[in-house]
Amino acid sequence: MITPEEFPYIKSLYVNDCYAYKDFTIELHDYKPFSHLILTGKNGSGKSTILKAVNENISKLRSVEATVSPNEEINMVEVKIVKYDKSLASIFDSYNVWGTQLNESVYSFFQAKRTSQTIQVNNPSKETDFTDKLNAPDSTDFFIREFKQYLVNQKVEQAFSQIESQVVKIEQVDQFFKDLESAFRKMFDDNSIRLEFVRSNYEFYLILSDGRRLTFDTLSEGFSAVLSILMDLFTRVDLIRKQVGDYSYNPCGVVLIDEPETHLHLQLQEQVLPLLTNLFPNIQFIAATHSPAVIASIKNATLFDLTTKESRTSEETAGRSYSDLMISHFELDNEYSNIADGIIAQVNNVLNALGDKPDEMKKALQKIYDENSAYLSPTLKIELESLIIQREIKQEVNR
């Protein structure tokens, strides 16, 4: 079994050509045993392109028993994966984790458009239907589509294990479903949710605390997008544990996610990466996002803005307010909406034009307040009062 100290996590990326952005390196922070990577940047800055290129790099490595020496550049498409840790030399001598140890590691790429739609199950299937797909190019789509089939197979295995009194096997399957239910509870923010299996039609239902019974195919787009990731990774991890014969094993790996916040309410945007990193602690997640809630949500992460080429660590973002991140990382002028900006501009115009005419200034400011009273939040009121006070102080100094 591969340990995190042995696994060749990505240490840096060299971007050779990504449309408008060329010839730069994304260095990941030296967290041990690895750093997650979160890519940000304006639309068109290359976030999705880079993820796709990294996917092509890794997919080609996994398709052959590649012999890659430490620090050797793998030049494929627009992106090179570079600078593997020198301590990994022995792994890359001839047969590496992308070769003979392929079945012990996790790899997936989730594009921005994701859904948890599954096929109808009519009967149990063979376990080899899944193990044979573990490293296939279309494995992610297959595991999502066939997830209900995999759960049915687990239930059948559980039933036979009970008949044969295989206590260890029963406990392993029980733990699988407990972990799955736990993930659903965090995902739905519902501590009472449970997974119900109806044998007559081979269907699984999520029973919520408010009485709703949902199938995987009837979830909202946001929940469906998150569930699709869980479907794939739960299947992969369980298959790997079976192959290595250790159900306590947390496989190492790399997972790429384009826009983990897809269709999600802000509260779930905060939770999606912590949920994944807690469930799969030895997997390095590389994500592209537009969400301040995502970039502030996890530790041990490198944040790289493709527009500015600025790199930050999670210590610089995890404790900061979203409004601060919107200004400092996403380059907004301030934390306010366009409507609020317009009100501030009106006040500034009055202060500049009538600063030496107190009575007229007061009347003009009152008019602005009256016309925009519905939009004056407590924070905006403080901002406007601060502008007026600063003007008064400046006038006093100039006298």
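Which residues have the most contacts inside the largest nonpolar core? In this predicted model, local features need pLDDT of at least 70 and side-chain atom pairs count only at pLDDT 80 or more, while totals for chains, interfaces and linings use all residues. Residues are numbered from 1 along each chain as its sequence is written, and side-chain values use heavy atoms, with hydrogens and water left out.

The answer is Ile26, Leu151, Leu195, Leu206, Phe216, Leu233 and Leu276, in a core of 81 residues. A core here is a set of buried Ala, Val, Leu, Ile, Met, Phe, Trp, Tyr and Cys residues joined through side-chain atoms within 4.5 Å; buried means under 20% relative accessible area (1.4 Å probe, protein chains only). Helix α6 supplies the largest share of this core, 10 residues. Leaving aside neighbours within four places in sequence, Ile26 is in contact (heavy atoms within 4.5 Å) with residues including Leu13, Leu37, Phe304 and Leu306.

Then there's the open sheet: 6 strands in the order β6-β10-β11-β3-β12-β13, with mixed pairing. Strands (E, at least two residues) and helices (H or I, at least four) are DSSP runs numbered from the N terminus, and two strands pair if DSSP finds at least two bridges between them. β6 (105-110) and β13 (310-313) sit at the edges with a single partner strand each, so one side of each has no neighbour in the sheet. Further in, β10 (residues 252-258) and β11 (residues 283-288) run parallel over 6 bridges, with Leu256 partnered by Ile286 in β11. Helix α6 (residues 221-244) packs on this sheet, touching β6, β10 and β11.

Definitions and conventions:
Axes are lines fitted to C-alpha atoms, for helices over the stretch in contact, and angles run from 0 to 180 degrees between N-to-C directions. Buried means under 20% relative accessible area, exposed over 50%, partly exposed in between (1.4 Å probe, protein chains only).
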